[in-house]
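Trainee: Hi! Could you walk me through this protein in plain words?
Mentor: Happy to, here it is.

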Amino acid sequence: MKILIAYATGEGQTRKIARFVMDRLADQGHAVELLPVAEADGLDLSRYDRIILAASVHVGHYQHDMGDFVAEQAGFLSRPQTLFLSVSLAAAGHDAEDWADLDRIMQDFALVTSWTPGKVLQVAGAYKPSQYDIFRRFVMRRIVAAKDPQADLDADHEYTDWTALGQALDNWMTPAA
């Protein structure tokens, strides 16, 4: 099976997740192409049996590059099986309000792009103060302190559950009975 994984990332965690997905699928014998959506202009999506898109949530929105790509390709993206990996710190927690916000963000994205993914998987991202500017670091420290009181606010921390991500991906790849 030929699979495209196109991603947009802020600090690199979504790229890391996309590479994990690529490696797992390639190890299963699939032909996988990985590329940033910023480099996908003019890409012929008809070459792929399945498409995985991955983007991270920042200030309530996905990256503009992802939105532009999806809006341009919405008609075609409704044809093959699609999986959307929505990466965020909110997905690391169990707060019902955070999860409702993630659903709203995905609904807004679908409305703006005229595309609804076949499946959406919420994936916990990472806290990377080493890569933030001073304003973002201040804001993110407050968010993480409220959500994870035990966290070292000066250290990068990855919240991605790689085992759960792998299992969810395997379930998506398994044909329905």
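This is a predicted model: local features need pLDDT of at least 70, side-chain atom pairs count only at pLDDT 80 or more; totals for chains, interfaces and linings use all residues.

Trainee: Does the radius of gyration agree with a compact globule, or disagree?
Mentor: It agrees: for 177 residues a compact globule would have a radius of gyration near 16 Å, and this protein chain has 16 Å. That radius is taken over C-alpha atoms, and the globule rule is 2.2 Å times the number of residues to the power 0.38. Along the principal axes, the C-alpha atoms fill a box of roughly 45 × 35 × 30 Å.

Trainee: What share of the residues is buried?
Mentor: Of the 177 residues, 45% count as buried. Buried means under 20% relative accessible area, exposed means over 50%, and partly exposed is in between, using a 1.4 Å probe and protein chains only.

Trainee: And what share of the contacts links residues 24 or more positions apart?
Mentor: Such pairs make up 78% of the contacts with a separation of 6 or more. A contact means heavy atoms within 4.5 Å.

Trainee: On to the sheet. In what order do its strands sit?
Mentor: The order is β2-β1-β3-β4-β5, in an open sheet of 5 strands with parallel pairing. Two strands pair if DSSP finds at least two bridges between them.

Trainee: Which strands stand at the edges?
Mentor: Those are β2 (31-36) and β5 (119-124); each has a single partner strand, so one side of each is left without a neighbour in the sheet. On average, neighbouring strands are turned by 20° against each other, direction ignored. Axes here are lines fitted to C-alpha atoms, for helices over the stretch in contact, and angles run from 0 to 180 degrees between N-to-C directions.

Trainee: Which helix lies across β3?
Mentor: Helix α2 (residues 64-77) does, lying across β1 (2-7), β3 (50-56) and β4, and running at about 155° to β3.

Trainee: Is β1 mostly covered or mostly open?
Mentor: Mostly covered, as 5 of its 6 residues are buried. Take Leu4, which lies in β1: this residue is buried, at a relative accessible area of 0%.

Trainee: Which residues does Leu4 touch?
Mentor: Leaving out residues up to four places away in sequence, the list includes Glu33, Leu35, Tyr48 and Ile52.

Trainee: Changing topic: how many salt bridges are there?
Mentor: The count comes to 9, where a salt bridge is a side-chain nitrogen of Lys or Arg within 4 Å of a carboxyl oxygen of Asp or Glu. One of them joins Glu33 and Arg47, with the closest N and O atoms 3.1 Å apart. Glu33 is in strand β2 and Arg47 in the loop between β2 and β3, 14 residues apart. Glu33 is partly exposed at 25% relative accessible area, and Arg47 is also partly exposed, at 38%.

Trainee: What about Arg104, which residue does it pair with?
Mentor: Arg104 forms a salt bridge with Asp108, the closest N and O atoms being 3.1 Å apart. The two are 4 residues apart in helix α3 (residues 96-113), which means about one helical turn separates them.

Trainee: Where do Arg137 and Asp154 lie?
Mentor: That salt bridge has its closest N and O atoms 3.5 Å apart. Arg137 lies in helix α4 (residues 134-147) and Asp154 in the loop between α4 and β7 (157-158), so the pair ties together parts 17 residues apart in sequence. Arg137 is partly exposed at 28%, whereas Asp154 is exposed at 53%.

Technical notes: Residues are numbered from 1 along each chain as its sequence is written. Side-chain values use heavy atoms; hydrogens and water are left out.
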